[in-house]
Amino acid sequence: MEDALADPKSKAKGPVKSPGEGLDTPREARARLLPRLSPNPDAFGSMTENFARFMGTPQFLLYMTVFCIFWLIWNSLAPESWRFDSAALGFTLLTLMLSLQASYAAPLLLLAQNRQDDRDRVSLQQDRQRAERNLSDTEYLTRELASLRIALRDVATRDFVRSELRSVLEEVIEARDNPEQENVGSPERTARSEQAHRNRQRDS
């Protein structure tokens, strides 16, 4: 009692927790009785897709029809001791089997659809990247062609070079034939030079 009177707040606080038992301390993982199942997602997804594709084929419908007809005929016409599903109860076992098949078929089809959606998403992303690369290549080729056209404007064409050579040849022939009239023929050379200059501007 003396201890309680000496420290009256001890009851209000309750037992003191150790530093490792606070709310900010994560709890330790519990020991599992059974090992965690982690099947290979690719192998399981491929198996579900194959089964889903098989369920959508005419062969599957034919096999199911033959199976149900055989089941009904056997449990209706076979001897009583050989029957395993009572026709009086409405073929309960067959109904349960078909219900179980439907309950498993729906998630399998959903898994196959999810994998197909993932493939479509990846294919769409690759198509978008390919389109962007094609666009960048086209823009690069367009710029290169434009630069080549600009560079070709300053290049002498074949006709221009021929006209220049022809004019120079005529001047050489005239100078050789009439060396004393070199100054007289200067206006003609000037006219030919102007004509060649106009041709150059027209070609450019």
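1. Contact here means heavy atoms within 4.5 Å. By that criterion, Phe-60, Met-64, Phe-67, Cys-68, Trp-71 and Leu-72 of H4 meet Leu-93, Leu-94, Met-97, Leu-98 and Gln-101 of H5. Sorted by class, this H4 and H5 contact has 10 nonpolar residues, 1 polar residue and no charged residues.

2. On provenance: the model is predicted, with local features needing pLDDT of at least 70 and side-chain atom pairs counting only at pLDDT 80 or more, while totals for chains, interfaces and linings use all residues. Residues are numbered from 1 along each chain as its sequence is written, and side-chain values use heavy atoms, with hydrogens and water left out.

3. Overall content. The chain has 7 helices and 0 strands, and from the N terminus its elements run α-α-α-α-α-α-α. Helices (H or I, at least four residues) and strands (E, at least two) are DSSP runs, numbered from the N terminus.

4. Burial and surface. Of the 204 residues of the chain, 11% count as buried; buried means under 20% relative accessible area, exposed over 50%, and partly exposed in between (1.4 Å probe, protein chains only). The chain exposes about 17900 Å², of which carbon and sulfur atoms supply 61%. Areas come from the Shrake-Rupley method with a 1.4 Å probe, and for residues only the protein chains shown count as cover. Among contacts between residues at least 6 apart in sequence, 49% join residues at least 24 apart.

5. Geometry of H4 against H5. The two helices pack at an angle of about 160°, with their axes 11 Å apart. Axes are lines fitted to C-alpha atoms, for helices over the stretch in contact, and angles run from 0 to 180 degrees between N-to-C directions. H4 and H5 are therefore roughly antiparallel; angles over 145 degrees take that label, those under 35 are roughly parallel, 65 to 115 roughly perpendicular, and the rest oblique. H4 passes H5 in a right-handed crossing. A crossing is right-handed if the near helix is turned clockwise from the far one by less than a right angle, and left-handed if anticlockwise.

6. Two residues of that contact. Phe-60, in helix H4, is buried at a relative accessible area of 12%. Not counting residues up to four places away in sequence, Phe-60 touches Phe-54, Met-55 and Gln-101. Leu-93, in helix H5, is partly exposed, with a relative accessible area of 36%.

7. H3 against H5. The axes of helix H3 (residues 41-55) and helix H5 (residues 92-152) come within 8 Å and cross at roughly 110°. H3 and H5 are therefore roughly perpendicular to each other, and the crossing is left-handed. Residues making the contact include Phe-44, Thr-48, Phe-51 and Met-55 of H3, and Leu-108, Ala-112, Arg-115 and Arg-119 of H5. By class, this contact has 10 nonpolar, 4 polar and 5 charged residues.

8. A backbone value to check. Phe-91 sits in the loop between helix H4 (58-77) and H5. Its phi is near 50°, a positive value in a residue other than glycine. Most residues other than glycine have a negative phi. Phe-91 counts as buried, at 16% relative accessibility.

9. Asn-75 lies in helix H4 and counts as buried at 0% relative accessibility. Leaving aside neighbours within four places in sequence, Asn-75 is in contact with Arg-83, Phe-84, Asp-85, Ala-87 and Phe-91. The C-alpha atoms of Asn-75 and Phe-91, 16 residues apart along the chain, are separated by 8.3 Å.

Notes. Ala, Val, Leu, Ile, Met, Phe, Trp, Tyr, Cys and Pro count as nonpolar, Asp, Glu, Lys and Arg as charged, and the others, Gly among them, as polar.
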